[in-house]
Every structure is written in structure tokens, then in C-alpha cells.
Amino acid sequence: MSSSTITADPAAPAPKPEGLEGVVAASTALSHVYGEEGRLVYRGFDIHELAGKASFEEVAFLLWCDHLPNPIELDEFRTKMGANRELPGPVIDTLKALPPDTAPMDALRTAVSVLGASEHGLFDDEPDLDEAIALAARFPAMLAAFFRLRQGLNPVPPRSDLNTAQNYLYQLFGAEPDADHWQPLETYLVLLADHGMNASTFTARVIASTQSDLCSAITGAIGALKGPLHGGAPSKVLDMLNEIGSADNVDAWLTNALDTGQRLMGFGHRVYKAEDPRAEILRGLAERASDPVFFALSKKTEDRALALLEERKPGRRLYTNVEFYSAAVLAAVGLPGDMFTPTFAVGRAVGWSAHVLEQVANNRLIRPQSEFVGPTDKTFVALGER
Ligand code: ACO
């Protein structure tokens, strides 16, 4: 029989449903990942239309309200975001009580949960736009407060005259933010604001579908984002680049990592089977914003990793993902590695909450099934006879 006439064996077991790959779990008009083309669209706008052109506030408004704001709307919206950055006492007290070596993602997850508990008057209703703004605007303030408290410094009060990226850096470092820092950070936040039905967004929508509250949905989403197969990779990219250390060690390090079965952080994606468009934009930002020696090391590592992955995993179509150059960009704006994933969450808080609003507007409980593979006919044996 020639290979062209081979057909699937009808007796072969169906593919396992693990990972929900290819399963459509919700309808959304917010964003979509075109994996084959390497394209990302927010509310009809290709990401290249927005990155570096639209402010983070314009993109947040677009995702939440389904149109770009006019100047009056934007002004009102910025004022509202700026007025929502103060943290209630119980959140600050909780952040103070955490051990200084707490991972900032754990601190953020805890702070959002405490916010929901302490401001239950605000967050207990069905999630709405005011709640989404109130929560997303507090994300940078919560992280900056923990960042300072763990160093024995006092939190810096927020400033309502600054935009989100500027105010985040101001609250972290206590100094007027430099345009060379806040502008790349703002583009980063725009790029990370939403991304289709990823694991953390799905988590938020599942929780919202039970008619739970916004803070519960977002607390769950933070937990899902934390893992290295999702948003937890960029600090590991930085660790990898630091371990590689110099251009002449790139090949040896990557070869050893692949020989020992490790995954290369910042490569591969469940949906993209072409380059992640965010990686392309972040590469350009990193080239402009980061130290030239560090950028050269990153670029050589990327080039060699892509070649080795093609050689070792032919046909898997593993490309650079958003996390690889996130590391260089976030390091260039002055953030330590353990603040990378929490900063991803600052951007994604907008997308998560927009998905929660979309879910509640047309809700049906999300409740899939599992394929049961266990036994069904066991007989109970009393304790004394076991
Ligand atoms: N390095 C080495 N091999 C890889 C990598 C990688 N980064 N990614 C996938 N592979 C290999 C797998 O080992 C597998 O090989 P096999 O077919 O020989 O078993 C094949 O490629 C397919 O991998 P899957 O695990 O089936 O792909 P999946 O869609 O489940 O995983 C994921 C996607 C988790 C992103 C994966 O590519 C990965 O682990 N990457 C590294 C971590 C990372 O960069 N995470 C950030 C993702 S971006 C984001 O969520 C914001």
C-alpha cells in the first residue's frame, strides 16, 4: 500500500482530551490569536496598530468599552483610574505582614483577595465596569507597596496626574519616571493586556460563570498566570541568560539544556505556530532600551535556540514567544526578575476583568466533563478487615 492511501485506523483510540487543545470554551469579541499567521487582534485592531501608538489607558478603555475613547472620554477615564489607586488599610497591613521573601505574585494574589474581603461593599455586586477600573487601577499600587515594604521602605502614595506606567514606576522607585523607562513599559502593558482564551483568562471566566465576585475571579487568574508554562517564564529567561553569561557559552548551555530534557523558556506556544507578534515588537523595544551587550547575548541565544529547536524537534514549529524579550525590556526599565510576571499581571488585569464582564453579560455556567477512566465495581471492606 502506498503511503498516500493509508487512512486512520478506525479501531485506534481517540486522542486524549488533556489540555483542551482546540476546544472552543467561550465566544468573545475582545481579542483573538491567529496562531497560524502569528497575528493578535484586540477589538478589531491588529496589535501593530496599537503598540507604541495607543496609550495603555486608551487600550484599557477599548477593551472594556468596545471603542477608542474620544478626548473627553479619555480625560474622564484617566481621572477615574488616577482616583482609584489608594489602597485600603487592610491591604497595606497584610502586605506588611508577609515575609519579605514572599514571591511578589503570591503577594499580589493575597492582596487582591484581601481587597475583595475588605472592600466587599464595592466588590460584592455583579462585576461591572466601575469594579474593573477600581481593581485594575490598584494592581500597580499593590505591587509597588510590596516591592518597597520587602526592602524596609515605606510605600509611596500614588499620583493621579501620572499615567499607569509612569505611576507604577513612581510608586516603585519613588522618583519621577524617565521617559526611556515608562514608554517601553507602557508598550509592554499594551501588548500584554489581553490574549484570547489563555489559561488565566479561562480561569477568570470559569469563576465568573459561577456568579462569584470579580476579586475571586482575578485571584484565581493570578494563580494560573504564575506557572512557568504560562506567565511565569520571563524571570526564568533572565536566569537562563545570566547563567549563559557570554556569547561564547550560548551553544554549550542550550545543547546541555536540551540534552537533559529541559524546555527553553521563552520558546513555543500552544496556539502560535508562527512567531508571536508581541515577540517581534518586544525585540525592537529591547534593542532600543536594553544594554547593547545584554541585547546581543539575548539575540544570539534566540537565534541558536530556534536553530536547535528546529533540529531537535522538527515539525513542532517552536518560535520565540512573548516572554523571551519581555525579560530584556522589563530589566531595562529597572525591574528585578521576580517582578516580571506581576508586571505582566498589571497589563492583563484589564483583559481578565473585560472577560469577566463579557462572561456575566451572557452567562452560562462553565462546567465541562471528564472522561472517567477509573474502576466502578469495588466493594467496601470494613476497616478491621483491611
Ligand atoms: N523547549 C523545548 N522543547 C519544547 C518547548 C521548549 N520551550 N516547547 C515545546 N517543546 C516541545 C515539547 O517537548 C514537545 O516535544 P515532543 O513532541 O517531542 O514531546 C513539543 O515541543 C510540543 O510541546 P507541547 O508541550 O505539546 O506544547 P504545549 O502546547 O503544551 O506547550 C508551552 C506550550 C507550554 C508554552 C511550551 O512551548 C513551553 O513549555 N514553553 C516554555 C515555557 C514558556 O516559554 N512559557 C511561556 C508561554 S507564553 C505565555 O503563556 C504568556
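View 1. The domain assignment gives domain 1 (31-229 + 344-361) and domain 2 (234-332), with bounds that come from an automatic or database assignment. Between their C-alpha centres there are 26 Å. Where the two meet, the contact (heavy atoms within 4.5 Å) takes 22 residues from domain 1 and 22 residues from domain 2. A word on the model: it is predicted, so local features need pLDDT of at least 70 and side-chain atom pairs count only at pLDDT 80 or more, while totals for chains, interfaces and linings use all residues. Residues are numbered from 1 along each chain as its sequence is written, and side-chain values use heavy atoms, with hydrogens and water left out.

**View 2. The ligand and its shell.** Both domains give residues to the shell, so the ligand lies between domain 1 and domain 2. Around the ligand there are 20 residues (a heavy atom within 4 Å), and the closest are Arg263, Leu264, Phe267, Arg270 and Arg316. Sorted by type, the shell has 10 nonpolar, 5 polar and 5 charged residues, with Gly counted as polar.

**View 3. Polar contacts up close.** These are pairs of N or O atoms within 3.5 Å. Arg263 puts a polar side-chain atom 2.8 Å from a ligand oxygen. Gly266 uses a backbone N or O atom, 2.9 Å from an oxygen of the ligand. Over at Pro228, a backbone N or O atom sits 3.1 Å from a ligand nitrogen. As for cover, the protein takes care of 77% of the 930 Å² of accessible area that the ligand has on its own (Shrake-Rupley method, 1.4 Å probe).

Terms used:
A polar contact is a pair of N or O atoms within 3.5 Å; within protein, one must be able to donate a hydrogen and the other to accept it, and residues adjacent in sequence count only if both atoms are side-chain atoms.
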